[in-house]
Amino acid sequence: MDLKQLRAFLTVAETGNVTRAAEVLHLVQPAVSRQIRLLEEDIGAPLFERERHGMVLTDAGLALVGYARRALLELDRARAEIGTVDNSIGGLVTLGLLPSTIDILSSPLVATLAADYPGIRVRIAMGYAGTLLRWLESGEVDAALLYGAERSPNIQTTPLIEEALWVIGPKSSKLRPDRPVALAELAGRKLVLPSAPHGIRTLVEHACAVAQVTLDLSAETNALSVQRSLVLGGHGLTILPPIAVAEDLRAQKLRGAPLADPGIRRTIVLALPVNRPIARHVRCAVDVLTQEARRAIDAGAWPEGRWLGA
């Protein structure tokens, strides 16, 4: 088993096709096929089912994917860290951001890191809290922003931001920030909500149980972009922190109002692993991430956000 084989394996797994993988790797197709064959011989099991519409991972292939990604990531980290000269701070850092926070944080984060720590290479991984937690535990992510409800004995968390959830609707909904909407008023209205066990879905279901309110769902989705599109298309209202659709609210493509009776709030935390050391360059990147989140709050760019950090 060598690096060329692992790269070929992961590229075929991601593209689902040897021909496309060969294009990505700038190799001829037989060379990619040979790398896969050699890896299968080394593993002692087929890694793909060769089907009519492409290559599908077998159970053995699915098991290998995570290990292969982590192995290549660790080598990239070592290469980046060793490649820094003198005593400068450098290395590869992978930060996990929630879909609702990535737009407001990614650009200032990259800009500040480039200015203050040019030796640090940053990778930004987007995912929902449960996915980011798994990546953090497995080592695929160095630090992440999660919802406070996520728990793991292998992760330490620091509360950073508390934000209220709003009812979000199309322009025709005439929702207004100065007119809170009681949860009971949503009964009988069509709603588009995140699929369980998404953190917001859990918070909403708990509030409904306490208030004895039953919601009528027109659709569920695990993608924020789909949730937004369905609301824009008039398929129902939704419940989100306003930061998730801040641009649409500013452009008045969407309207929003705070939830009331009961109000629902969520906490965003900074999560770090406790089962492995935190390198110096990772701590520097985490400090910048925290700094940019605080700046967004102070500048009023994070609607309904309240800073909890030190």
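Helices (H or I, at least four residues) and strands (E, at least two) are taken here as DSSP runs, numbered from the N terminus. By that assignment, Q212 lies in the loop between helix 7 (199-211) and strand 10 (216-221). This is a predicted model, in which local features need pLDDT of at least 70 and side-chain atom pairs count only at pLDDT 80 or more, while totals for chains, interfaces and linings use all residues. Residues are numbered from 1 along each chain as its sequence is written, and side-chain values use heavy atoms, with hydrogens and water left out.

The backbone of Q212 has a phi near 55 degrees, a positive value in a residue other than glycine. With a relative accessibility of 73%, Q212 counts as exposed, given that exposed means over 50% relative accessible area, buried under 20%, and partly exposed in between (1.4 Å probe, protein chains only). E304 also has a positive phi, near 65 degrees, and is likewise a residue other than glycine; E304 sits in the loop between helix 10 and strand 14 (305-307) and is partly exposed, at 35% relative accessible area.

Turning to the interior, a nonpolar core is a set of buried Ala, Val, Leu, Ile, Met, Phe, Trp, Tyr and Cys residues joined through side-chain atoms within 4.5 Å. The largest such core has 44 residues, of which L105, L145, L146, I161 and W302 touch the most other members. Among the elements that each supply at least two residues of this core are strand 3 (90-97), helix 5 (99-116), strand 5 (143-147), strand 13 (265-273) and helix 10 (280-298), and helix 10 gives the most, with 9 residues. In soluble globular proteins, nonpolar side chains tend to be buried together.

Contact here means heavy atoms within 4.5 Å. Leaving aside neighbours within four places in sequence, L145 is in contact with G96, L97, L98, T101, L105, L132, L160, I268, V269, L270 and L289. Apart from this core lies another, of 28 residues, which includes L193, I200, L215 and L254.

L254 is also one of the residues touched by L249, together with W166, I168, P242, R255 and G256, when residues up to four places away in sequence are not counted. L249 itself belongs to helix 9 (residues 246-250), and its C-alpha atom is separated by 42 Å from that of A71, 178 residues apart along the chain.

Finally, the peptide bond from D261 to P262 is cis, with omega near 0 degrees, and P262 is placed in the loop between strand 12 (254-260) and strand 13.
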